[in-house]
Amino acid sequence: MNATLILPVLKQDQIWKDQTKFEDIFDVDHFINYLKDDVRIVRDIPDWFTEKDELFTSIRRTVKNIPKYAPAQFYVDNVLPRIKEKKIMSIKPFVDRLGYDNVPMKINRLRCRVNYHALKFLPGIEEMADKLATRMRNRTGSVNPYMALHLRFEKGMVGLSFCDFAGTREEKAMMAEYRQKQWPRRFKNGSHLWSLALEKRKEGRCPLEPGEIGFILRAMGYTKETQIYVASGQVYGGNNRMAPLRNMFPNLVTKEDLASKEEIEHFKKHVTSLAALDFLVCLKSDVFVMTHGGNFAKLIIGFRRYMGRHRLKSIKPDKGLMSKFFGDPYMPWANFVEDVMITHQTRTGLPEATFPHYDLWENPLSHCMCRA
């Protein structure tokens, strides 16, 4: 569209209530300078624009209803005229609002340059992450490999999944109340949710519980001596929920365990800064394990593939198949181990051929890594 980009405004998450700004976590100077030959970027809304308060609230100033995976021509035909008319417009939402297969190759390659080169965390975040990764490797007194586990089992994720998990009647009642409050349209009266929860679990659309991922890792051959960095918010159910995983793998640590109180305090002002630390420590790990989908895990797997770190394992459990195994109380341990090993032989993070609407961020092979 040959338009100028005003520094992006980050979406405010309804669960985390985080007010982080783009410049709070990313190196703005690097972002602007790296892309100067591709896109003109300015730091703020120009002074001559007097309707700043309306930019993200007024229908007149917002481009909505962009279809998913829209072609590049859609923006030229439908968005550009509105920008020309109003001079400044906001576009939201923007998740999956530009296709992968119906845009020019140069656009996809620009995406790769943005994602893997232009976006750099602030030096303070990078330095702290390096310290955490180094401490993780030296925990036993000698240099050791470590695993990073992205454990998606926070209260918000459990609630949003609308899956059923083990727990007391009181816990289940409290979760139902929480879901009804946060997502009233989806909750309705709750009567339809039980069958939906069973279906989602069979299809592998539920987050793995800490104990479940523990069984999978032990079946893969990881021993209790394995050093594991846990990237997670506050786990729903606390220590009781974490107990099975910790019993199997006692060397579980978080950034709070590796850093001093003074070191971590600086980053607590922005939840996203803490997530950035987790992201970088996971990126540097020898083995990365995800327990549920989401942008965080997809970006790490894609980044490891792009930077050549696909030689290091990135494990994406087959949750659908795992749900069948966990649902069979009579399956012998030896059979479970064999099925886990066979199932995950090809789920180790190697680059894969892409297909229509495949997430470019998780698998950058065709668009970012191939010359032709």
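Trainee: What should I know before I start?

Mentor: The model is predicted, so local features need pLDDT of at least 70 and side-chain atom pairs count only at pLDDT 80 or more, while totals for chains, interfaces and linings use all residues. Residues are numbered from 1 along each chain as its sequence is written, and side-chain values use heavy atoms, with hydrogens and water left out.

Trainee: At what angle do the axes of helix α10 and helix α17 cross?

Mentor: Start with the terms. Helices (H or I, at least four residues) and strands (E, at least two) are DSSP runs, numbered from the N terminus. Axes are lines fitted to C-alpha atoms, for helices over the stretch in contact, and angles run from 0 to 180 degrees between N-to-C directions. Here, α10 (residues 210-219) and α17 (residues 333-343) have axes that come within 9 Å and cross at roughly 85 degrees. That makes α10 roughly perpendicular to α17; angles under 35 degrees count as roughly parallel, over 145 as roughly antiparallel, 65 to 115 as roughly perpendicular and the rest as oblique.

Trainee: Which residues in α10 and α17 meet?

Mentor: Contact means heavy atoms within 4.5 Å. On the α10 side these are F215, I216, R218 and A219, and they meet W333, F336, V337, V340 and M341 in α17. By class, this contact has 8 nonpolar, no polar and 1 charged residues. In that scheme Ala, Val, Leu, Ile, Met, Phe, Trp, Tyr, Cys and Pro count as nonpolar, Asp, Glu, Lys and Arg as charged, and the others, Gly among them, as polar.

Trainee: How many salt bridges does the count come to?

Mentor: A salt bridge is a side-chain nitrogen of Lys or Arg within 4 Å of a carboxyl oxygen of Asp or Glu. By this rule the count comes to 14. One of them joins the side chains of R137 and D286, at 2.6 Å from N to O. This pair links distant parts of the chain: R137 sits in helix α5 (residues 123-137) and D286 in the loop between α14 (271-283) and β8 (287-290), 149 residues apart.

Trainee: Where is R97, and what does it touch?

Mentor: R97 lies in the loop between β4 (90-91) and α4 (105-118), and counts as buried at 17% relative accessibility. Leaving out residues up to four places away in sequence, R97 touches I66, P67, K68, Y69, A70 and Y75. A polar atom of the R97 side chain lies 2.7 Å from the backbone oxygen of I66.

Trainee: What is the phi of Y69?

Mentor: Most residues other than glycine have a negative phi. Y69, however, has a positive value near 55 degrees. Y69 is in the loop between β3 (62-63) and α3 (72-86) and is partly exposed at 21% relative accessibility. K87 is not a glycine and has a positive phi of about 75 degrees. K87 belongs to the loop between α3 and β4, and counts as exposed at 56% relative accessibility.

Notes. Buried means under 20% relative accessible area, exposed over 50%, partly exposed in between (1.4 Å probe, protein chains only). A polar contact is a pair of N or O atoms within 3.5 Å; within protein, one must be able to donate a hydrogen and the other to accept it, and residues adjacent in sequence count only if both atoms are side-chain atoms.
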